[in-house]
Structure formats: C-alpha cells, structure tokens
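Please read this briefing alongside the sequence and the three-dimensional view.

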Amino acid sequence: MELRKLTDIEIGTVATIDSFTDEETSILLLEMGCLPGESIEISNIAPLGDPIAIKVSGYKLSLRKKEAATILVR
Amino acid sequence: MNKQFNVALIGNPNTGKSTLFNALTGLNQKIGNFSGVTVERKTGKLELNENLTASLIDLPGTYSLYPRSADEHIALEILNSTKNPDYPNVVVVVVDATNLKRNLLLLTQLIDLQLPVVLALNMMDVAQQSGIEINVTLLAEKLGVPVVAVTARDFQGIPALKDAIVQQFEHPTLPSSTIHIHGYAPEVIDEIKNYFHINNDYAAFELAHHYHELHNLTQEKKDAIEAIGIKHNFNANKTQVAETIDRYNYINEILSDTVRKNKPALEETRSNTLDAILTHRIFGLLIFFVILFGVFQSIFNWSQYPMNVIENAFIGIENYLTAILPAGILTNLIIGGILPGMSGVLIFLPQIAVLFLFIAILEDTGYMARVTFMMDRLMKNFGLNGKSVVPLISGIACAVPAIMSARSIENWKDRLITIFVTPFMSCSARLPVYTLLISLVVPNKFVFGFLSLQGLILMAMYLLGFVSALLAGWLLKLFIKTKSKSYFLMELPVYRMPRWSNVGITIFNKARTFVMEAGKVILAVSIILWVLATFGPSKDFDAIETKYAKMSSENTTIELNISTLESKKKAEKLEASYAGLLGKFIEPAIKPLGYDWKIGIALVTSFAAREVFVGTMSTIYSVQGDGEHLDTVREKMLEARNPETGELTFTFATVMSLMIFYAFAMQCMSTFAVVYRETNGIKWPLIQLFTMTAFAYLAAFAVYQFLS
C-alpha cells in the first residue's frame, strides 16, 4: 500500500504507522507511543489550523503539523 | 528508633500522581527546591506502620528516563546516582490504569536500573467503568514486581500499597532485565561498567546517553565517557530508537493477556464529544475567552472583600502597636518598615489564591491542555509555545509563580522567551498604581450607560501588557539562537471532574511560594526603603526638628491641628532624607517624562516593588494617618502644584506617562531574583531589567511629549 504523510489523511480515517522521516522527531514520537504498526487516527484540529490531535496507543496526543508530517502511514 | 528510608513516587504526567502523593502524606508536605536547580522538590512523611516511616519524594512527571525539560531531568539525576541524598530505597511507579501501554515504558526502564519498584495502578475505578479488565495477579507475575490497584482519589488500595512498599524495602524482588540492552552497544556498555565499577548494563547505557547533562559527574568522568563513545561510534539516536521499540514490544507482550477492553470506554467517548465543542473552530475560542473573562472578573470581585479585611486588620495592628509601644526608632521601624512590608505581601494573597483556584481547576479537569492546544498556533508566531499560556495568565496575579510555572516548557528557547515576557503581563502590584493614577485623570463616567470609563482604561492597560508581552516575544525570537528545535508534543488527557483536595493543595502551595519567594524580598525592600526615607544627612534633619519644635511651641495658642503639623514635618523630613535626595538627584533625568522630584522619590522607592508607589505618594503629600486612605491621597495629588510655575503636577500627560512607565518598567526585585534562579545566571535578569526599564523610559517620554 502507498505511504502517505499523516497530515495527508482525513479526520477520522484510521491508518497504520509505517515509518518516520526525521530521526530526532521520531525518538520523541516513539516514546509517546507512536510505534510502527500502531494504528493512528486524526481526531481533531485546533481552531487556528495547527496543532492537530491524534489518537494513538489508547490516548490522545497533540502535535504540530510539522511533526505530524514526519510520520508516514499506510 | 524509627528506621528512615527514602521512597520515590514517579510516573507520567496526568496519572494522578499528585493525588496519590496527597493521599499518602496528607498535608504532611514540604516544598523546597532541589539543590542547584530550581525544580520544585516536594517531600512528605509516609507512615508505613508503627515502626517504619519513610520520606516520600514526589518526582516531577516524566514519560521516560530521557528527559526533555528541567522538571523531567530531576528523575534522571536522582536515579542515576546512589550518592544522591534523595536516592530511593523503593520506587513507586504510578500509572494510569486506563492507559497502561505508554505508562509502562518508564516502569521497564526503572526495572532495568535494578531499582526495587512497586507498580501502583491508579484510577482503577475509571478503568472498571470504562470496561477495562486488568488481571492484576497475572500482571504482577509477568512483570516480576508487586502490583497494587489503587484509586487515589478515594483512598482505595492505600494500605495494600504501603504493605507492598514495606515488602520491597525489607525483601526486594528485582526481576531480570526486561530487554537485552547489552546488544545495543556492547563495547561502550562494558567499558563504562569497568570504568565506574558498576554491573548494571542499563545504568551504563544511561550514562552513555546522558553523561553531558548529569551534574553529579566530574568533568574527568564526562570526558572519559565521551572518549568511550567516540571510540566505538556510539550512536545515541539509533540506540534509543532500538531501545524504545524493544520496550514497547515487551509491553505489548505483557499486556496481551493481562488487559482486556470490553467496550469502547465511556469516558473517552464523552471526552471526544466535549473536545468537539471545547476545541471547536469558533465555539472553542469563544468559550475560552468567556472563561478567561470570567476568571478575570472573579479575581477582582472575589478578592475585594478579603483584601479589605487584610488592610483593615493591618490598620488595626498599626494603631494598636502605636498605642502600646514606646515612641522610638524601633517602634518606627516596626510600624513604618516591617508592618507595611508584611501587609504589602499579604494584600496580594487573595488575588493569587483566586487566580490559582481557577488555574488548578482548569488544569485538573484537562481543559488547560486544550487551551494550550488551541493557543499554540498563535503563540508560535511570537517565539512562544502553547504551554506559555499558563505562565502568561498566571502573570496577571504575580510574575514569580508564573515564571516558575514555565518549567514545563521543554524547549529552552521557548521557555526563556516565556520567562522574559511574563513580567509585561499586568500583575496585581500594578493594580493599586493604575487605580490611583486612573482616578486622577479619568472621570468616573459610564459609556453607553453601563461600561465604566475607568474600568475600560484599566482593561486597556491589561491589554497593553499582553500585547507588549507578545511583541517582546516576537523581537526576542529574532535575537535568540539555539540549536534545539522547537516542538510541541502534549498529551490531551481525558476530561475529569476536578479533585478538590488537589485544587486546595495547589492554591496553598502557590500562595506559599509567593510568600516565600516574593514575600521575603518585598519585606526586605520595605525595611530598606524605611531606612532611606527615615534617615538623611543629620544637619538637615536637625534643622527640621528644631523648626517644628519651635512651631509647635509657638502655635499652642492658635488652633492648629497638631497632626497636620506632624504630617508636614514628615513630608519635609522625607524631602531631606536619602530617598528624597535620590529623587532630587534623578530629577533631571525624569523631567522629560513629566515627573518632578517627588514622583522621583516614588520611582526610587517603587523600583523594587511597584505597589510601594501608593504608600510613598501618601507620605510625600503628607496624608494624615498614612496611606490607607486612597481618596485623601487622590485629593492631595490633584491639588499638587509645581511651586515654581504654579502648574498642576499631575496633568493628564504626566499621569499617562507614569502609567506607561509602570506598565513596562521591571520594578520588581522578586522577579529579578526568580529569573536569576530560573535561568541559572545573572545575564538574563540583567538584560530584562535594562531593556524593560529603558523601553519604559522611552515609551513614557514619547507619551508625555506627545500629550503635553
């Protein structure tokens, strides 16, 4: 299946984390439970368009679009 | 004799760790700072049984042993050195039972450090309601550590937790490593183990990662670890990625047959619905501003009454002491220096308490995380971060606790800018100054029949503070360069009802921080000011004494109010005092701003704490019975004229210029002291002091020249 950036999927679509494009950011994301193989979903977007809130590993995490774009999903 | 030992409480943020700490220690808490750093150190007495009492330390919330903020760094520092006075005999790891996966990461790291741990599954009630079934016995068996289910908010499971702590202290069970650490960097781990004479792989691995930020290592040791790393091409990022992934695999295996989720969690669904409204594109922002407005209103309305009570109490004490104490220099010191200092501290407590009541509620319910989430985009433009919102709002009460709350900001640049701009927010100490000045020139009229004109101007001053904080942040963003990237990763916890005991304890702790941090400075300053205003070159003072002694003896026949004479004498003495001399000395510099030497005295005295302005004004304009009577001060100031030109002293232009000066100048020693500690050096507080005061001067100059 084709890889897409997390920021390119629609709100409510459940995707699976495949890999990361930035090593430094990936460390932080991994620690917070964003692991390859884990399902992920964009839950909502902040009123000013950034950051976004995602559902991952059983909880809700908010992150900026810049960081979210380093997550590749399938 | 009781056996004494250390227990540490550690866990992710939002796990109810503070609630558990409160449940274990009650109000038996001590708050201080960790030595060398300014992170809050919360300890308490933990009575385990009749003959065993432990010292319980609450370590700042952290997601892992890879710290990102000053707060999180503490756990690493303590757990990595057995010599640290806070090094625990037993570690209680608090986890949110509804969110086990991410929470267990930290637990596995602690197990691998060979620390005797007890796992406290908190919020078991919520887990049960949400249909999450946890097989506690099997979980304990698989992890190899004691696991206790607790619900800290209603004290369930506390006795069992205490028993488990005692057991781990007396006969510790230390499971073997959860993952194979040695394989990540075999040579590096072996060499560090040799060098430090330790036999724990993970401790060595941790040293390889964190040596440069550990304060307990000597430079020689740091160099040695660095050399080992370089020799074997140690890749910190890659090994950490491998470690994290392995840990999650281990956790997934552990959780595979111990946790079952029967239905979609009710709390979570409700939370999502709330989020849809509270972070809605339009309603979300609207609701936030309504809440902010409500908080703002309450700070002023609710604190009015207790502030009056405190004020009257001090007038009462002052009158009482004046009556019973013998006249003399010591009595003067108590009444003129110490009492005003103490009242100057306590008078702000109501506003601080009300503000932190709201902040604590908003944080405890999970709403504050949403505010952070909503505001990040806006704050980012100004070199700040969503997490700067709490310090900025707290700054409305007092910059001291506000600046301390900036510790949760991970990125150093964002945190520094937040610390730097927070004093622009209009704090409670500016309020009496604004109130007095506004009443001088703004008529007590209503616009559209209900909006008070004076209130509007006051609100404009608050807005001015906020806007200048943002602009200052934007400017700083251009000047401060750092390597570390600004990022924003924050958990949005499930909405919960506030836990009132937590709210109460937060208010109590913040109030105590204010009294201890800001209070001691205000008190000291008040005493110094008293000295400056009471003493002066002795020949001038003697001349005044003689003059008034003569006058009162001559005037006994005429009906001249003795107290008027006393006030006049007091005013003349102030003029001749060192404070007065200082005021005259700076007069040439402040003339372009529209101030005379009398205002100069007030500027000098309020340099260390703004609110002193009002008291000084009342002394200068010789108000009888001291400065508690604002109306009288106001009248005297309105009548004041320049003795040479005969013009009014407090013209519209002068008052506006003064307000602008007080809005921008950094006239607060307590803030200076706290910035000094929070930034670990004199550089930033000095820059802050000079730029803010210089800007205040220029802005006041511009305003005066434009208006006059």
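The points below are grouped by topic.

This is a predicted model, in which local features need pLDDT of at least 70 and side-chain atom pairs count only at pLDDT 80 or more, while totals for chains, interfaces and linings use all residues. Residues are numbered from 1 along each chain as its sequence is written, and chains are lettered from A and ligands numbered from 1 in the order in which they are written.

**Chain A**

- Chain A contains 2 helices and 6 strands; helices (H or I, at least four residues) and strands (E, at least two) are DSSP runs, numbered from the N terminus.
- Along the sequence, these elements of chain A follow the pattern β-β-α-β-β-β-α-β.
- The radius of gyration of chain A is 11 Å, which agrees with the value near 11 Å for a compact globule of 74 residues. This radius is taken over C-alpha atoms, and the globule rule is 2.2 Å times the number of residues to the power 0.38.
- Along the principal axes, the C-alpha atoms of chain A fill a box of roughly 30 × 25 × 20 Å.
- Of the 74 residues in chain A, 49% are buried; a residue is buried if 20 or more other C-beta atoms, placed from the backbone, lie within 10 Å of its own.
- Among contacts in chain A between residues at least 6 apart in sequence, 51% join residues at least 24 apart. Two residues are in contact if their C-beta atoms, placed from the backbone, lie within 7 Å.

**A sheet shared by both chains**

- Strands of a sheet pair through backbone hydrogen bonds, either parallel or antiparallel.
- An open sheet of 7 strands has the order E1(A)-E6(A)-E2(A)-E3(A)-E4(A)-E5(A)-E12(B), with antiparallel pairing; two strands pair if DSSP finds at least two bridges between them.
- Strand E1 (4-5) of chain A and strand E12 (489-491) of chain B stand at the edges with a single partner strand each, so one side of each has no neighbour in the sheet.
- E1(A) and strand E6 (residues 71-73) of chain A run antiparallel and are joined by 2 bridges, and A:Lys5 stands opposite A:Leu72 in E6(A).
- Strand E5 (residues 59-63) of chain A pairs with E12(B) in the antiparallel sense over 3 bridges, with A:Leu61 opposite B:Glu491.

**Contact between the chains**

- Chain B gives 31 residues to the contact and chain A gives 29 residues.
- On the side of chain B that touches chain A, H10(B) gives the most, with 6 residues.
- The residues on that side of chain B divide into 16 nonpolar, 8 polar and 7 charged. Here Ala, Val, Leu, Ile, Met, Phe, Trp, Tyr, Cys and Pro count as nonpolar, Asp, Glu, Lys and Arg as charged, and the others, Gly among them, as polar.

**Nonpolar cores**

- The largest nonpolar core has 192 residues, and B:Val118 is among those with the most contacts inside it. Such a core is a set of buried Ala, Val, Leu, Ile, Met, Phe, Trp, Tyr and Cys residues joined through C-beta atoms within 7 Å.
- Not counting residues up to four places away in sequence, B:Val118 touches residues including B:Val90, B:Pro146 and B:Gln168.
- A second, separate core of 16 residues includes B:Val188 and B:Ile228.

Technical notes:
A residue is buried if 20 or more other C-beta atoms lie within 10 Å of its own, exposed if 12 or fewer, and partly exposed in between; C-beta atoms are placed from the backbone.
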